[in-house]
Amino acid sequence: MEDIRAYIESGILELYVLGDVSPAEKQQVDDAASKYPEVKAELDAIETAMESYALVQAIEPSEQQRDRVLNSLLVNLGDDRTFTKGRAHSDIDDKIIPMQPRTGINFYKYAFAACLFLLLVSIAALVSIYNRLQQSNELISSLQDQNQRFSSQVNLMDEQISVFRDPSFRFIKLKGTPKTPASAITVAWSPSKKKVMIDMADLKLPENDQQHQYQLWAIVAGKPVDLGLFDAKTKSDTSGMKEMKSVEAPQAFAVTLEPRGGSVNPTMEAMIVMSAI
Amino acid sequence: MQAVSRRPKISLTEEELIRGLRHREKLAAEALYDMYSASLYGVILRIINDEPSAEDVLQETFIKIWQSFSAYSAEKGRLFTWMVNIARNLAIDKVRSKDFKNQTKNQELENNVTFIDEQRNTVYKPELLGLKDLVQTLKPEQRSILDLVYFKGYTHVEAADELGVPLGTVKTRLRMAIQQLRKQF
């Protein structure tokens with residue numbers, strides 16, 4: 001009994017009421033209070049005194065506080081303060097771990113993924129369109145090429161037709177010499193325009209090798225005059241009329257086979273065709 | 001001195017109140033507020049000394065009481081003791097928080113005059129006259145120890161350090177102060 005008296009007098013019960021005891025001391029006081037009615041009564045008296053002390057210095061909060069507080073109790077789900085603040089002093093709900101808001105992070109994650117996806121799609125589209133553009137460009141350039149070929153061919157043919165239509169042209173058939181009886185070419189000559197042309201399509205000459213070329217001559221006043229070089233191919237030649245050097249008043253035309261690059265004077269032994277006018 | 005037209009206050013016995021709070025009844029919440037808001041607010045304001053912040057803490061206190069009411073058990077003591085400790089802890093946390101310290105610094109700069117006026121008003125509040133008389137009966141050393149522990153949140157160990165007295169003396173003085181209060185009521 002003396003022990004209880006001393007326990008009460010020690011001041012531990014006051015500290016208990018003020019919340020200033022360790023968990024072990026708290027347990028001790030709880031046990032003592034349930035065991036000894038004197039301790040319980042003493043605790044009650046201390047609590048009542050502190051409650052009265054608070055009551056004496058009570059201050060009415062302003063009238064609107066009542067609604068504010070009661071609203072936050074009865075519909076307090078919307079009040080962040082209910083949940084977010086951690087309290088170092090509290091011993092009641094310290095274990096509450098606030099949830100981390102993750103929606104923001106998720107949003108950026110998805111946005112980034114979407115951006116990446118769009119980027120890949122764009123790159124793929126770009127590559128495919130670039131390929132098609134290349135193909136189109138190739139097609140256009142090949143068409144342009146063809147177009148140019150056609151138009152130049154048309155020009156050439158126009159020119160040839162104009163030669164055939166021009167009444168001033170005379171067509172001279174050069175026949176083979178006894179050495180080359182199968183050879184023959186056609187030379188077109190316009191005395192008024194002083195133009196000489198060879199019909200390449202009508203060439204009947206053996207094909208020349210890399211070292212030799214055919215040379216066309218005109219005999220003017222008994223002397224041979226160089227009218228230019230040409231090649232003969234067995235394949236059908238599409239180059240049409242080939243214009244040679246101009247000449248005035250020729251007496252005859254002749255073709256000789258000369259070393260590549262031509263000669264100043266014709267090699268008479270190598271004469272292939274000839275014709276007088 | 002308060003507003004004249006007041007709504008009638010709801011009052012229940014402690015047993016009825018506790019039962020109502022357990023069942024989370026609206027009436028119990030209203031009774032809780034009507035019965036204890038003034039006492040709790042007095043303690044909170046005494047600690048914080050700033051009305052807007054004290055009102056915030058009062059709200060937090062009631063929210064916490066309401067939400068963790070299952071943690072209270074009547075065998076462990078009076079309801080008020082449990083509640084006032086929640087209020088004191090919240091208020092002391094508030095005073096020690098960085099926010100609050102910054103806020104009061106700002107007030108010193110911006111609102112100097114009115115802030116000081118408010119403080120003076122608090123000191124001369126008529127409701128506190130009774131308290132002043134009461135506190136006069138306490139010896140100065142009893143008052144200072146009660147202030148440190150009850151209103152400043154010191155543990156008795158810290159208070160012994162602050163006052164430069166042995167731990168046993170702090171406990172004795174605290175007990176004497178409360179004994180003195182008990183005689184008054």
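This is a predicted model: local features need pLDDT of at least 70, side-chain atom pairs count only at pLDDT 80 or more; totals for chains, interfaces and linings use all residues.

Two strands are taken to pair if DSSP finds at least two bridges between them. In chain A, strand E7, residues 252-259, and strand E8, residues 271-276, run antiparallel and are joined by five bridges. Within this pair, A:Phe253 has A:Ser275 of E8(A) as its bridge partner.

E8(A) also pairs with strand E1 of chain A, residues 170-176; the sense is again antiparallel, and two bridges connect them. Here A:Met274 of E8(A) is the residue that stands opposite A:Lys175.

A further pairing involves strand E2, residues 184-190, and strand E3, residues 195-199, of chain A, which run antiparallel and share four bridges. A:Ile198 in E3(A) stands opposite A:Val187.

From E3(A) the pairing continues to E6(A): the two strands run antiparallel, with three bridges between them.

Strands of a sheet pair through backbone hydrogen bonds, either parallel or antiparallel. In chain A, eight strands form an open sheet with antiparallel pairing, and their order is E5-E4-E7-E8-E1-E2-E3-E6. Which strands lie at the edges of this sheet? They are strand E5 (223-230) and strand E6 (241-243) of chain A, each of which pairs on one side only. From one strand to the next, the twist averages 30 degrees.

The remaining topic is the contact between the chains. Chain A contributes 44 residues to it and chain B contributes 53 residues. On the side of chain B that touches chain A, at least two residues come from each of helix H2 (26-48), helix H3 (51-67), helix H4 (79-96), helix H7 (128-136), helix H8 (140-151) and helix H10 (167-184) of chain B. Which of these elements supplies the largest share? It is H2(B), with 12 residues. By residue class, the side of chain B that touches chain A consists of 25 nonpolar, 15 polar and 13 charged residues.

Technical notes: Residues are numbered from 1 along each chain as its sequence is written. Chains are lettered from A and ligands numbered from 1 in the order in which they are written. Two residues are in contact if their C-beta atoms, placed from the backbone, lie within 7 Å. Ala, Val, Leu, Ile, Met, Phe, Trp, Tyr, Cys and Pro count as nonpolar, Asp, Glu, Lys and Arg as charged, and the others, Gly among them, as polar. Axes are lines fitted to C-alpha atoms, for helices over the stretch in contact, and angles run from 0 to 180 degrees between N-to-C directions.
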